[in-house]
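User: Could you walk me through how the helices pack in this one? I'd like to start with the residues that make the contacts.

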Amino acid sequence: MKVLQNKVALVTGSGRGIGRAIALKLAGAGASVVVNDLDEGVAMETAAEIEAMGSRAAICTGDVTAPDFGDRIVQAAVDAFGGIDIIVNNAGYAWDAVVQKTSDEQWAAMIDVHLSAPFRILRAAQPIIAAAAKEEIARHGRATRRTVVNISSVAGLGGNAGQAGYAAGKMGIVGLTKTLMKEWGRYNVTVNAVAFGVIKTRMTAGEAGKSTITVKDREIRAGVGKEILDAMESGIPLGRAGTPEEAAGAVYLLCLPEADYISGQVIVAGGGWSL
């Protein structure tokens, strides 16, 4: 039996990049996965890859910042697989500007996607997780271990010029992580965060000034200039940026049975780099 056999995982933003790598990593270990993305096409591609491995997949497309999204994705997991064991709040992007040039819209967008969206998903999941845990405690004296992994960033831990909203959201998720660790410990739920350093995705690998991503009809600049990326990599003790698969590995570690007694922690997956 695979190590995550019979587990059900929700992974937001899992059509591309790090989220896709996380979904495939968990599925490769046997988990059934609810895949989410704004783009139904890429969500379907990830789901097809999961099914090709012999695991099960369901799709919940849509904007994680929509007020009803938390309820929708939780219900999708229950309808498709009967419950929830792993939640990975991964969806996010950077919309950068120095503080005096950051609009209210930019600020709200960063807080919504990196903090409010995970909050709503976890709020919606609480009754499902609590009911299952209470039933297990009544039957067996102890609940099955479940886990939450929230995605933060070294920018959230150390701050980063030009990223006031992004950094605030990514530090906010650490506070939410540590609070739910205390609230959900009685249900045998471990709640941790992984803070990524420089990972090669479309947010960093695109050509600066020319690459964009589309988020809710907004064209957001993406990509880091080669000189800047080279300078960043030169400051990483391991000497290079990470891959999405390496980022996914850090999340996977916290989902393994060997991590049953790790909770309330922030694991930095950055090759030794910090801000």
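Analyst: In this predicted model, W107, M110, I111, H114, L115, P118, F119, L122, Q126 and I129 of α4 meet A164, G165, Y166, A168, G169, K170, G172, I173, L176, L180 and W184 of α6, where contact means heavy atoms within 4.5 Å. Helices here are DSSP runs (H or I, at least four residues) numbered from the N terminus.

User: What's the make-up of the contact of α4 with α6 by class?

Analyst: The contact of α4 with α6 has 15 nonpolar, five polar and one charged residues, with Ala, Val, Leu, Ile, Met, Phe, Trp, Tyr, Cys and Pro counted as nonpolar, Asp, Glu, Lys and Arg as charged, and the others, Gly among them, as polar.

User: And at what angle do α4 and α6 pack?

Analyst: Helix α4 and helix α6 (residues 164-184) pack at an angle of about 15°, with their axes 7 Å apart; axes are lines fitted to C-alpha atoms over the stretch in contact, and angles run from 0 to 180 degrees between N-to-C directions. That makes α4 roughly parallel to α6, since angles under 35 degrees count as roughly parallel, over 145 as roughly antiparallel, 65 to 115 as roughly perpendicular and the rest as oblique.

User: What about α3 and α4, how do their axes cross?

Analyst: The axes of α3 (residues 69-81) and α4 (residues 104-140) come within 7 Å and cross at roughly 40°, which makes α3 oblique to α4. The contact is made by F69, G70, D71, I73, V74 and V78 of α3 together with R120, I121, A124, A125 and I128 of α4, and by class this contact has eight nonpolar, one polar and two charged residues.

User: Which residues of α1 and α2 meet?

Analyst: R20, A23, L24 and A27 of α1 meet T46, E49 and I50 of α2, and these divide into four nonpolar, one polar and two charged residues.

User: Switching topic, how many aromatic pairs does the search find?

Analyst: The search of the whole structure finds zero aromatic pairs, a pair being rings of Phe, Tyr and Trp (its six-membered ring) with centres within 6.5 Å, where planes under 30 degrees apart count as stacked, over 60 as edge-to-face and the rest as tilted.

User: Where does K25 lie?

Analyst: K25 lies over the face of Y252, at 4.9 Å from the ring centre; a charge sits over a ring if NZ of Lys or CZ of Arg is within 6 Å of the ring centre and within 35 degrees of the ring normal.

Definitions and conventions. Residues numbered from 1 in each chain as written. Predicted model: local features only at pLDDT ≥ 70, side-chain atom pairs only at ≥ 80, totals over all residues. Heavy atoms only, no water. Helix = DSSP H or I, 4+ residues; strand = E, 2+ residues; numbered from the N terminus.
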